[in-house]
Amino acid sequence: MTEKRRKWQIDGIVWDALRTQFNAAISAFIVTLFVMLGLRQLGMEPISAPVGTGLEISEATLILLGFTVIYLIFTSVFNYRQAARVKRALVSMIYQLKQYQRSGNYAPIHVTSKDELARLAGEMNTLTDNVERRMVALRRMANENAQLLREAEQGASLDERRKLARDLHDAVSQELFSISMSLSAIPKLMEKDPVKAKKLFHQIESMVHHTQQELRALIMHLRPVTLEGKPLALALASLFDELSVKQPDMTFEAQLDELPHLEKGVEENVFRAIQEGISNTLRHAAASTLTLTAAVSKDRLLLTLTDDGKGFDVDEVDQERTGNVGLAAMHERMNELGGHFTCIAIPGKGTRLEFRVPYIEKEKDVDSDGTD
Ligand SMILES: Nc1ncnc2c1ncn2[C@@H]1O[C@H](COP(=O)(O)OP(=O)(O)OP(=O)(O)O)[C@@H](O)[C@H]1O
Ligand SMILES: [Mg+2]
């Protein structure tokens with residue numbers, strides 16, 4: 001209703017058209033008047049006053065003025081109609097666009113004339129039509145993406161399960177099998193060669209110890225993958241506390257102090273990478289100490305995980321052949337964050353893993369809710 005009432009008001013482009021019209025008429029009148037005066041000065045009377053009527057130039061001017069007024073009225077009416085038509089069409093377009101913005105409903109605009117206005121309306125109709133079609137395509141894509149994401153998640157957990165089954169088979173089940181084989185040989189060996197039997201007993205003991213380490217490392221992997229809402233420093237500190245309790249024969253030290261506030265996704269990636277590093281130490285290093293330190297600079301965080309275990313030759317690790325993924329996963333995770341992963345291992349001395357993570361310093365109070 002408001003739109004309807006407003007379109008009859010003489011404002012906007014209707015007022016502009018009338019004002020232009022008025023200006024043009026006044027200008028034409030003044031110019032003609034000057035021309036007439038000029039001609040009169042030159043002795044040429046443009047409109048001769050009828051003899052004896054007493055009509056002077058002022059009367060002629062009055063006639064001119066009369067014509068001007070009549071011309072003004074006619075052209076104003078004509079222009080008003082024209083401008084009002086344009087205005088109606090434009091107001092209708094604005095109204096339709098607003099409707100479209102508010103509710104997504106768009107009724108195509110029909111302009112009967114064959115001018116630019118009709119083309120504009122046509123273009124608008126086509127544009128909204130295209131937007132509508134793209135929206136439908138986007139909605140379809142969003143649905144497909146959600147479906148793909150669900151499938152990827154299922155695939156990922158399936159992969160994790162496969163890896164776990166493989167690890168349980170390779171690391172634990174085979175080890176248990178050889179332990180039971182060795183144990184069954186002990187009674188006979190005790191009778192035949194007690195010294196050898198004692199040696200085998202020690203071997204079995206270390207096998208049991210190793211299996212225990214493997215199981216602990218596997219349990220590490222079964223821990224929740226998220227930080228459960230904890231900040232990274234706290235999650236790492238509590239992980240180290242937990243390890244100290246569960247592995248009393250090893251020393252776990254975490255010197256983290258104040259870590260910068262990282263985005264949640266970044267923190268989770270860093271946590272998973274360090275979890276992988278710890279798992280490797282537990283499985284392969286036979287270390288007595290594992291230390292985690294942090295060095296924070298203006299835009300970079302360096303986390304270092306060091307064990308004093310048996311180390312290994314990094315160049316010897318052939319991940320493609322063995323199908324091991326731990327080291328590669330740590331590399332990938334750091335690359336994804338725009339950071340860098342370095343593994344320095346010295347056989348017989350130990351292993352040091354360095355995780356370099358870039359970050360942008362954020363205002364503390366901005367994301368105190370920890371959501372972004
Ligand atoms: N801290 C460590 N101490 C000693 N050896 C290690 C250490 N970390 C890794 N390794 C050696 O590097 C190899 C590759 O490690 P990686 O994590 O890629 O594979 P993995 O642990 O054997 O298997 P997974 O795919 O389950 O991680 C290991 O098999 C091990 O021999
Ligand atoms: Mg590993």
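1. Let's start with Phe 240: its relative accessibility is 2%, so it counts as buried (buried is under 20% relative accessible area, exposed over 50%, partly exposed in between, with a 1.4 Å probe and protein chains only). A quick word on the basis: this is a predicted model, where local features need pLDDT of at least 70 and side-chain atom pairs count only at pLDDT 80 or more, while totals for chains, interfaces and linings use all residues. Residues are numbered from 1 along each chain as its sequence is written, and side-chain values use heavy atoms, leaving out hydrogens and water.

2. Now for ring pairs. Rings of Phe, Tyr and Trp (its six-membered ring) pair if their centres lie within 6.5 Å; planes under 30 degrees apart are stacked, over 60 edge-to-face, and the rest tilted. That rule gives two aromatic pairs here. Since Phe 240 belongs to helix H6 (residues 232-246) and Phe 252 to strand S1 (residues 251-255), the pair ties together parts 12 residues apart in sequence. Helices (H or I, at least four residues) and strands (E, at least two) are DSSP runs, numbered from the N terminus. Phe 252 is buried too, at 9% relative accessibility.

3. Next come Phe 341 and Phe 355: their ring centres are 5.3 Å apart and their planes sit at 40°, so this pair is tilted. It links distant parts of the chain, with Phe 341 in strand S4 (residues 340-346) and Phe 355 in strand S5 (residues 350-358), 14 residues apart. Phe 341 is buried at 2%, and Phe 355 is buried at 0%.

Notes. Chains are lettered from A and ligands numbered from 1 in the order in which they are written.
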